[in-house]
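This report concerns the pockets and helix packing of one protein model. Please examine the sequence and the structure shown below before reading on.

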Amino acid sequence: MSNERAVYRAVTGIVPPYVMFNTTSNTFYGYCIDLLDDIGSLAGFDYTIRESFDRHYGYREAHNGSWNGMIYELMENTSDIAVGPIWITSDRAQVVDFTIPYQRLSGFSIMMLKKQRRIPFLRFLTILEIEVWLCFALAFLSTVLLLFLLERYSPFSYRNNRDKHRDDPDDRFCSLKECFWFAFASFTPQGGGDLPKNLSGKMAAATWWLFGFVVVAAYTANLAAYETLERLERSVESMDDLTKQYRIRYSTLANSSAFRYFQGMKNAEDMLYEAWRRMTLDESTPEWNRSKYAVWDYPLEDKFTKMYYAMDEVGFVPNVEQAAKMVRNVNRTYEFAFIAEAVTIKYLTMTSCDFRQVGHEFNKKPFAFAVRKDSKLKKRIDDAITDMAIGGRLNELEIKWWTQNPQRANCPSDKDFNAGFGLDNLGAVFLLILVGALLSILILCLKYLWYRRSRRVHRTQASMQRLRSKRKSEKPPTSRFY
């Protein structure tokens, strides 16, 4: 009896992390390769593996019904096993046999650019437009000047009526500096202090207070509205959300499984619409029968037809690299969402911190290996996969190539956009305290230097005055003759 192990011909496609190719060692590696190695050890066979000739998994051509890809190679007996994340479909099951599934159901998914909440450092200044701030500064300076002029020229002001306000120590409105401080402090909870003494100044101050109240109220309302709108902004979280908006454009790979899925669903909707038209408009159908379906609106939603034409308008993407570039391109006038097989989306989001997987997978189907129709190899592979599932080997492979994959990006944890204000929101406000402290210290230093200089000048002048007095006292009297 021969102890030689049978050698089978395996064919595969490149789908990270299931199947990848090392150009240095010219070997295949990945989840499915490890799985095939274990299956070969348990079932007692070896294999030689190569990539599919046309790099397709296999689908039926629409124009003539012929097959391509790995399915075609199995049908033509050029290979024995098709290896990879191959979906089990009724169409494929008619021409090849599938092993039992080795992984949970998988379908299509949506990939978008990860949300990054970019908050300007001086966010509190962007709440109002620059024109409003400029007009506010002009109004502030005009009010300060008006208060000063009214105090200077009004006969009832403190400056011009000191006898009446002799017992009042407040001389706030005697200088331009104090008028400036009054107008500035009026916006604080502390208030601006005592009012001007003259009636015209009081009217100007009251008008400034009313203006300040409206500005503060508008600023507060806009700040709350900005934060509320950011939290309430509707984001795309499913395929249905994509169909209900026009801000985000989307597409899929040309001639991919997702492309054929949407094309097939569109064709199905077209057939249903034509059937409804025949039922309601065909005069050969009895009137009593047509009246049962005579409704004003088409009763079904043509969701997939709209999505197909929306993708066709954007253009179908030639490859995954181009799709990733389109999703990353933030300079576009619109956002872009990429629809593809969930395993492809999952791998891209695992290896890059720029992407996120949106919503739940749809149109789920199981993964399996494929063999030729009525091949005896099917039972041996089924038994091996069953033993591996019972022994926990399939879970180990899942952890190795997904959870602990060395290519997994170390991404920071996502922030909850519905959380309260963080330091990025109020960082500039805290900076104001630092700026105020530094300005206070600077003013203190300047005042101290000015004080020291003033005292030096004063001492110098005093010394010179004493010296003049001394010289004058020592000078002998002169006699005058008339």
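The model is predicted, and every value given here is computed from it.

The largest pocket has a volume of about 1000 Å³. Its lining comprises 32 residues, of which Ile14, Val15, Arg55, Tyr57 and Leu253 are the closest to the centre. Strand E5 (81-87), helix H9 (257-281), helix H12 (320-328) and helix H13 (342-351) are the elements that give two or more residues to this lining. The largest share is that of H13, with 4 residues. By class, the lining of the largest pocket holds 17 nonpolar, 8 polar and 7 charged residues.

The second largest pocket has a volume of about 880 Å³. It is lined by 20 residues, and those closest to its centre are Phe124, Trp133, Phe184, Phe187 and Leu432. At least two lining residues come from each of helix H4 (123-126), helix H5 (130-153), helix H7 (199-232) and helix H16 (423-474). Of these, H16 gives the most, with 5 residues. What is the class composition of the lining of the second largest pocket? There are 16 nonpolar and 4 polar residues, and no charged ones.

Helix H1 spans residues 31-43, helix H14 spans residues 377-391, and helix H15 spans residues 393-403.

| Helix pair | Axis separation | Angle |
|---|---|---|
| H1 and H15 | within 10 Å | roughly 155° |
| H14 and H15 | 5 Å | about 75° |
| H1 and H14 | within 9 Å | roughly 110° |

With an angle of roughly 155°, above the limit of 145 degrees, H1 and H15 are therefore roughly antiparallel to each other. Their crossing is right-handed. On the H1 side, the contact involves Tyr31, Asp34, Leu35 and Asp38, which meet Arg393, Leu394, Leu397, Glu398, Lys400 and Trp401 in H15. The residues of this contact divide into 5 nonpolar and 5 charged, with no polar ones.

H14 and H15 pack at an angle of about 75°, so H14 is roughly perpendicular to H15. Ile385, Met388, Ala389 and Gly391 of H14 make the contact with Arg393, Leu394 and Leu397 of H15. By class, this contact has 5 nonpolar residues, 1 polar residue and 1 charged residue.

For H1 and H14, the axes cross at roughly 110°, and the two helices are therefore roughly perpendicular to each other. H1 contributes Leu35, Asp38, Ile39, Leu42 and Ala43, while H14 contributes Arg380, Ile381, Ala384, Ile385, Asp387 and Met388. This contact has 8 nonpolar and 3 charged residues, and no polar ones.

Leu35 and Asp38 of H1 take part in the contact with H15 and in the contact with H14. Ile385 and Met388 of H14 take part in the contact with H15 and in the contact with H1.

**Surroundings of Tyr8**

Tyr8 lies in strand E1 (residues 6-12). Which residues does Tyr8 touch, not counting those up to four places away in sequence? They are Phe45, Asp46, Tyr47, Thr48, Asp80, Ile81, Leu377 and Arg380. Tyr47 is 39 residues from Tyr8 in sequence, yet their C-alpha atoms are 4.6 Å apart in space. Arg380, touched by Tyr8, also belongs to the contact of H14 with H1.

Definitions and conventions
Residues are numbered from 1 along each chain as its sequence is written. This is a predicted model: local features need pLDDT of at least 70, side-chain atom pairs count only at pLDDT 80 or more; totals for chains, interfaces and linings use all residues. Side-chain values use heavy atoms; hydrogens and water are left out. On a 1 Å grid over the protein atoms alone, a cavity is a set of points where a 1.4 Å probe fits but cannot get out, and a pocket is an open set with protein on both sides within 12 Å along at least five of seven lines; lining residues have an atom within 4 Å of a point. Grid points are joined across faces, edges and corners, and a volume is the space filled by probe spheres set on the points. Ala, Val, Leu, Ile, Met, Phe, Trp, Tyr, Cys and Pro count as nonpolar, Asp, Glu, Lys and Arg as charged, and the others, Gly among them, as polar. Axes are lines fitted to C-alpha atoms, for helices over the stretch in contact, and angles run from 0 to 180 degrees between N-to-C directions. Angles under 35 degrees count as roughly parallel, over 145 as roughly antiparallel, 65 to 115 as roughly perpendicular and the rest as oblique. A crossing is left-handed if the near helix is turned anticlockwise from the far one by less than a right angle, and right-handed if clockwise. Contact means heavy atoms within 4.5 Å.
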